[in-house]
Amino acid sequence: MGAGQNRSSNTLVVPQANAALDQLKYEVAQELGIAIPQDGYMGNMATRDAGAIGGNITRRLVQIAEQSLAGQFK
């Protein structure tokens, strides 16, 4: 498996969102002080770091969705 390839079976509902999710990943990692390898291969990253990035991405996406829903019902 080469750099940047993904074996995940998850499919995005909006394929164009892939770039935005990648950008969010780098932003969250930077905020947490975690360096993402330049080649994109994260196999050597500590599980704890990967989990912290994923957890914070999920937290932020839920927050964005809640704000969006709150705006619809005002």
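## Glu27 and the basis of the model

Glu27 has a relative accessibility of 32% and counts as partly exposed; buried denotes a relative accessible area under 20%, exposed one over 50%, and partly exposed the range in between, computed with a 1.4 Å probe on protein chains only. The structure is a predicted model, in which local features need pLDDT of at least 70 and side-chain atom pairs count only at pLDDT 80 or more, while totals for chains, interfaces and linings use all residues. Residues are numbered from 1 along each chain as its sequence is written, and side-chain values use heavy atoms, with hydrogens and water left out.

## Overall architecture

The protein contains two helices and zero strands. These elements are DSSP runs numbered from the N terminus (helices: H or I, at least four residues; strands: E, at least two). Helix 1 covers residues 17-32, and helix 2 covers residues 47-72.

Of the 74 residues of the protein, 12% are buried. Among contacts (heavy atoms within 4.5 Å) between residues at least 6 apart in sequence, 49% join residues at least 24 apart.

## Packing of the two helices

The axes of helix 1 and helix 2 lie 9 Å apart, and the helices pack at an angle of about 115 degrees. Each axis is a line fitted to C-alpha atoms, for helices over the stretch in contact, and angles run from 0 to 180 degrees between N-to-C directions. The crossing of helix 1 with helix 2 is right-handed; a crossing is left-handed if the near helix is turned anticlockwise from the far one by less than a right angle, and right-handed if clockwise.

On the helix 1 side, the contact involves Leu21, Leu24, Lys25, Glu27, Val28, Ala29, Glu31 and Leu32, which meet Ala52, Ile53, Asn56, Ile57, Arg60 and Leu61 of helix 2. By class, this contact comprises nine nonpolar, one polar and four charged residues. In this classification, Ala, Val, Leu, Ile, Met, Phe, Trp, Tyr, Cys and Pro are nonpolar, Asp, Glu, Lys and Arg are charged, and the others, Gly among them, are polar.

Val28 touches Ile53, Asn56, Ile57 and Arg60, residues up to four places away in sequence not being counted. Asn56, in helix 2, is partly exposed at 24% relative accessibility. With the same exclusion of residues up to four places away in sequence, Asn56 touches Val28 and Leu32. The C-alpha atoms of Asn56 and Val28 are separated by 6.8 Å, although the two residues are 28 positions apart along the chain.

## Salt bridges

Three salt bridges are counted, each requiring a side-chain nitrogen of Lys or Arg within 4 Å of a carboxyl oxygen of Asp or Glu. One of them joins Asp22 and Lys25, with an N to O distance of 3.5 Å. Both residues belong to helix 1 and are three residues apart, about one turn of the helix. Asp22 is partly exposed, at a relative accessible area of 33%.

Glu27 pairs with Arg60 in a salt bridge whose closest N and O atoms are 3.6 Å apart. This pair links distant parts of the chain, Glu27 in helix 1 and Arg60 in helix 2, 33 residues apart. Glu31 also forms a salt bridge with Arg60, at 2.7 Å between the closest N and O atoms, and this pair again connects helix 1 with helix 2, across 29 residues.

## Nonpolar core and Met45

The largest nonpolar core has eight residues: Leu24, Val28, Ala29, Ile34, Ile36, Met45, Ile53 and Ile57. Such a core is a set of buried Ala, Val, Leu, Ile, Met, Phe, Trp, Tyr and Cys residues joined through side-chain atoms within 4.5 Å. Helix 1 and helix 2 are the elements that give two or more residues to this core, and helix 1 gives the most, with three. In soluble globular proteins, nonpolar side chains tend to be buried together.

Met45 is located in the loop between helix 1 and helix 2 and is buried, with a relative accessible area of 14%. Residues up to four places away in sequence aside, Met45 touches Ile34, Ala35, Ile36, Pro37, Ala50 and Ile53. Met45 and Ala35 are 10 residues apart in sequence, and their C-alpha atoms are 9.0 Å apart in space.
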